[in-house]
Amino acid sequence: MPRKIRTPRLAWALTGSGHFVTESLELMCRIPDLDVFVSRAAVEVVRMYRDDMAKLPKSARIFKDTTASAAPVGLFYHG
């Protein structure tokens with residue numbers, strides 16, 4: 001039986017582009033139920049914005065892409 005989702009969550013993906021990262025993080029900080037998907041390339045960029053990432057809501061979940069087949073994307077299918 002599928003698990004019921006109490007509150008819908010917004011998924012936000014970060015790529016390796018450094019354009020508008022500061023502005024994106026400012027918006028992300030306003031979203032209480034947020035899942036952040038970070039590509040391998042984005043990990044390199046996000047290091048420069050570590051302090052801004054720390055400002056994300058405590059309820060935010062961060063998923064780092066560590067596989068060649070992008071297995072974390074499967075979480076989109078589970079709400």
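Residues are numbered from 1 along each chain as its sequence is written, and side-chain values use heavy atoms, with hydrogens and water left out. Because the model is predicted, local features need pLDDT of at least 70 and side-chain atom pairs count only at pLDDT 80 or more, whereas totals for chains, interfaces and linings use all residues.

Helices (H or I, at least four residues) and strands (E, at least two) are DSSP runs numbered from the N terminus, and two strands pair if DSSP finds at least two bridges between them. An open sheet is formed by 3 strands in the order 1-2-3, with parallel pairing. Strand 1 (10-14) and strand 3 (61-64) each have a single partner strand and stand at the edges, so one side of each is left without a neighbour in the sheet. Strand 1 pairs with strand 2 (residues 34-38) over 5 bridges in the parallel sense; in strand 2, Leu34 is the bridge partner of Leu10 and Val36 is that of Trp12.

All 5 of the 5 residues of strand 2 are buried (under 20% relative accessible area, with a 1.4 Å probe and protein chains only; exposed is over 50%, and partly exposed lies in between), so strand 2 is largely enclosed by the rest of the structure. From this strand, Leu34, Val36 and Val38 point one way, while Asp35 and Phe37 point the other way. By contrast, Phe20, in the loop between strand 1 and helix 1, counts as exposed because its relative accessibility is 60%. Phe20 also has a positive phi of about 60°, although it is not a glycine.

In soluble globular proteins, nonpolar side chains tend to be buried together. A nonpolar core is here a set of buried Ala, Val, Leu, Ile, Met, Phe, Trp, Tyr and Cys residues joined through side-chain atoms within 4.5 Å. The largest such core has 14 residues, of which Leu14, Met28, Leu34, Val36, Val38 and Leu56 touch the most other members. Helix 1, strand 2 and helix 2 (40-46) each supply at least two residues of this core. When residues up to four places away in sequence are not counted, the contacts of Leu14 (heavy atoms within 4.5 Å) include Met28, Val36, Ala42 and Val46.The second largest pocket is lined by residues that include Val38, Val46, Arg50 and Ile62. On a 1 Å grid over the protein atoms alone, a pocket is an open set of points where a 1.4 Å probe fits, with protein on both sides within 12 Å along at least five of seven lines, and lining residues have an atom within 4 Å of a point. Helix 2, helix 3 (50-53) and strand 3 give two or more residues to this lining.
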